[in-house]
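Work through the exercises below with the model open. Each task is followed by its solution.

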Amino acid sequence: MHPTIFVIFGITGDLAARKLLPALLALYSKKKLPARFSIIGFSRRSFSREEFRELIRSRLNIKPGEFKEEDVKHFMDHICYEQGMFNDPVAYQRLAFRIQEIDNRWGQCSNKLFHLSVPPSLYEGILNNLAGSRLAEPCADETGWTRILIEKPFGRDLETARNLDKLLGKLFDEEQIFRIDHYLAKEALQNIIAFRFTNSLFEPIWRYPFIDKIHIKLFEESGVTDRGDSYDEVGALKDVGQNHMLMMLAAVTMDRPKSFSSADIRTERAHALKKLEIASGNSLKESSARGQYAGYPDEQGVPRSSQVETYFRLKTFVSNSRWKNVPIYLESGKAMAESKTEIDVYFKSTNKDGDQNIITFRIQPDEGIKIKFFVKTPGYEFMVEPKTLKFKYSEQTQESWQMKLTDYERLIHNAFIGDQTLFASTDEIMASWRFIAEVTKNWSKLPLKIYPKGAKEII
Ligand code: BG6
């Protein structure tokens with residue numbers, strides 16, 4: 001792999017500590033990073049070299065035996081710090097100088113990967129300064145690409161997403177932009193595409209009129225934890241509905257891509273999202289629900305009068321010939337009885353008792369697939385009873401399961417190798433915001449139902 005410098009804007013923040021740095025360390029210990037690589041952390045606070053090392057070391061939160069001490073020590077040697085205000089052009093000159101120093105030491109024009117691990121309100125300033133300091137430009141024609149990794153939320157609505165895209169488009173081509181939706185990198189979500197398009201048993205009937213309905217659920221046991229203030233600006237629909245849940249929806253409903261190339265998969269996902277519709281007319285009220293868990297307004301950072309939803313249910317349709325009239329339910333909540341993300345695909349019943357085959361994709365935890373089918377009950381009568389076929393990833397041979405990467409390991413690895421399959425394209429982002437814009441037109445008119453923490457079902 002070509003030498004690469006990974007610049008993390010906001011390295012002292014929560015995301016870098018929880019996801020990015022552990023993933024980089026894991027990739028390092030698996031020898032998946034280039035032999036020559038450097039991480040430059042950029043943030044506002046000022047630290048001495050030692051203080052910074054200590055902060056990173058403690059933030060990595062390494063469990064005993066998780067990594068070899070030697071690997072951790074060498075990994076730390078690859079990280080350095082550049083203090084600066086995100087909107088200060090001089091700080092970017094210093095950053096450019098630091099990068100140049102590393103390139104000089106290596107005697108090569110290295111790749112540069114910029115990661116925005118900061119609140120979205122800082123994106124614009126950082127992007128403008130990247131342009132001003134010419135850091136977004138590769139240092140040579142043939143080698144030394146520059147790429148940008150950008151976190152969700154990608155905009156707050158259609159208009160702000162468009163503006164952000166325009167700004168990014170001035171600095172980078174689409175091939176250089178990696179918009180993160182970490183759900184796309186989940187093993188069990190990728191498996192939906194593999195399962196659907198490899199098993200000819202199901203694909204011919206993966207459509208109207210054979211499928212009755214699809215139910216996509218993302219339930220979390222925890223509440224908003226310490227993210228009350230930022231969560232309250234968006235609510236459940238925008239926090240996980242506009243992104244993670246629509247990506248799950250795209251995986252179950254997309255048509256077979258021409259090939260399994262990144263471009264073809266992204267095109268098909270976008271096609272499905274562009275056809276998304278909510279139940280029409282005033283039936284939003286009948287087909288949808290909003291809820292808030294009891295005690296949410298007491299959470300740190302949440303206004304006492306908050307009317308923001310922590311739960312929602314929505315009935316949607318993909319209006320193409322494959323899916324016409326097949327309702328797709330999206331449902332998500334915080335402070336639910338258990339954490340589980342799964343997709344149930346119900347097939348039409350063929351008997352008067354309404355028995356239905358159901359395929360369940362378990363995205364997490366306990367990743368796997370369950371198929372409900374019916375067999376004859378032994379005896380004189382002609383009666384059937386339900387049985388289940390189950391596949392669990394954790395029951396795979398230990399080795400192959402341990403090959404599993406965390407979502408951020410996979411995302412960073414794919415950004416290094418330039419594979420955009422697991423990143424949202426501009427088309428997908430715009431299609432999802434267009435859909436959310438339709439929903440939110442009447443969203444606040446829906447009554448907000450207060451549900452107890454730990455609820456199993458709402459409404
Ligand atoms: C984030 C949301 O994007 O996804 C969080 O902002 C949510 O509110 C999280 O908890 C869920 O991700 P995961 O990987 O823990 O299921």
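**Exercise 1.** Which residues of helix 14 are buried?

Solution. The buried residues of helix 14 are Glu428, Ile429, Met430, Ala431, Ser432, Trp433, Phe435, Ile436 and Val439. Buried means under 20% relative accessible area (1.4 Å probe, protein chains only). Helices are DSSP runs of H or I with at least four residues, and strands are E runs of at least two, numbered from the N terminus. The model is predicted: local features need pLDDT of at least 70, side-chain atom pairs count only at pLDDT 80 or more, and totals for chains, interfaces and linings use all residues. Residues are numbered from 1 along each chain as its sequence is written, and side-chain values use heavy atoms, without hydrogens and water.

**Exercise 2.** Check the length of helix 14 (residues 426–440).

Solution. The expected span is 1.5 Å times one less than the number of residues. For the 15 residues of helix 14 this gives 21 Å, and the end C-alpha atoms are 21 Å apart, which agrees.

**Exercise 3.** In what order do the 7 strands of the open sheet lie?

Solution. The order is 3-2-1-4-5-6-16, with mixed pairing; two strands pair if DSSP finds at least two bridges between them. Strand 3 (79–83) and strand 16 (423–424) each have a single partner strand, so one side of each lacks a neighbour in the sheet. Strand 1 (residues 4–9) and strand 2 (residues 37–43) run parallel, joined by 6 bridges; Thr4 has Phe37 as its bridge partner in strand 2.

Conventions: Buried < 20%, exposed > 50% of the residue type's maximum accessible area, 1.4 Å probe, protein only.
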